[in-house]
Amino acid sequence: MNKKINIIYTSDTHGRLSAYDFLNKTYGSFGLSRLPSFLKSLQEPYLLLDNGDFLQGSPLLDYTRTNDLANPVVKLFNSIKYDYVTLGNHDFNYGLNYLNSFKKGYHGQILCANIYQDEKPLFKSHVIHEIDGIKIAIIGLVTEYIPFWEKPDNIPNLKFLDVVETTKKVIFENDLKSKSDLIVVLYHGGFEKDLVTNESFGPQTVENKGYELFLNEDIDILLTGHQHIPKVYKRNQRVTLQTSHNAKDFGLVTISLNISEEGILNKTINGSIKSLSEYPIDDSSESLIAKDIQKTNDFLSKQISRTSLDMSITSS
């Protein structure tokens, strides 16, 4: 018996929920509101994930946050039905209260194995999600470099553990190899070395550890972000991907399995990066946040001052 399932993930969307461009006051070729058009076209079952940096980065999010309006990310993530998310470094920019308000409203689960508070896990480390009889273990991780950037008040008593060692520990202690058919790691971090040449990308820090993570052959699928550099790499029947940013694209992993009564005989895993510009805007998704967009646009359009100075810029 043959089965096919898909994993779709986004990363570093930075509040580009709508295709509306506040600068040009028109609709652009980006936006999460395009994603449902692709999802509706799928014939096979799928899993939908987000890889972090979804709470910061757009006028829409700034306006709704500072005016205590309902979080539009919650609205759209619930409508599109994201199953699981992990967190990015920018999701801590406004403190734990704002992050927890997202958690409270979001219908899915936050997975992040390497954040501890007062010696206890802050979030669930992993889940085994069954889809069409296939058991998929999903582990969430975020770059451990956050304390070097973030204001201490935004991450009180938080420890960000080594992502490589944490992954090994989660797999071993929870016996994920025997309890699941596939292991997926959702990592908000990038690659410290070129996956083909093995050459380092500049000075080595703990910010990006995707290369080292992918050396762990227990991981079937490694989904990355943070660096905003789209790429797909396949080694045997294991794949790793990275998307761009600002909801310009999404990652698609297709998994084909040949199954007998004894279990999985073989599997084929392929990955690709798909441009959201190829899919039309989903009107129902846009309508969910239309009022928020209008309020944000009205605010941005307010005149705040006048000047008689010539402020034009010319090149010499």
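Reply:

**The largest pocket and its setting**

The lining of the largest pocket consists of eight nonpolar, four polar and three charged residues. Here Ala, Val, Leu, Ile, Met, Phe, Trp, Tyr, Cys and Pro count as nonpolar, Asp, Glu, Lys and Arg as charged, and the others, Gly among them, as polar. The model is predicted: local features need pLDDT of at least 70 and side-chain atom pairs pLDDT 80 or more, while totals for chains, interfaces and linings use all residues. Residues are numbered from 1 along each chain as its sequence is written, and side-chain values use heavy atoms, with hydrogens and water left out.

The space in the largest pocket is about 200 Å³. Of its 15 lining residues, Arg16, Tyr20, Asp21, Phe22 and Phe30 are the closest to the centre. A pocket is an open set of points on a 1 Å grid over the protein atoms alone, where a 1.4 Å probe fits, with protein on both sides within 12 Å along at least five of seven lines; lining residues have an atom within 4 Å of a point. The volume is the space filled by probe spheres set on the points, which are joined across faces, edges and corners.

At least two lining residues come from each of strand E2 (20–21) and helix H2 (59–66). Helices (H or I, at least four residues) and strands (E, at least two) are DSSP runs, numbered from the N terminus. The protein chain has 10 helices and 17 strands.

Of its 316 residues, 51% are buried, meaning under 20% relative accessible area with a 1.4 Å probe, protein chains only.

Methods
Buried < 20%, exposed > 50% of the residue type's maximum accessible area, 1.4 Å probe, protein only.
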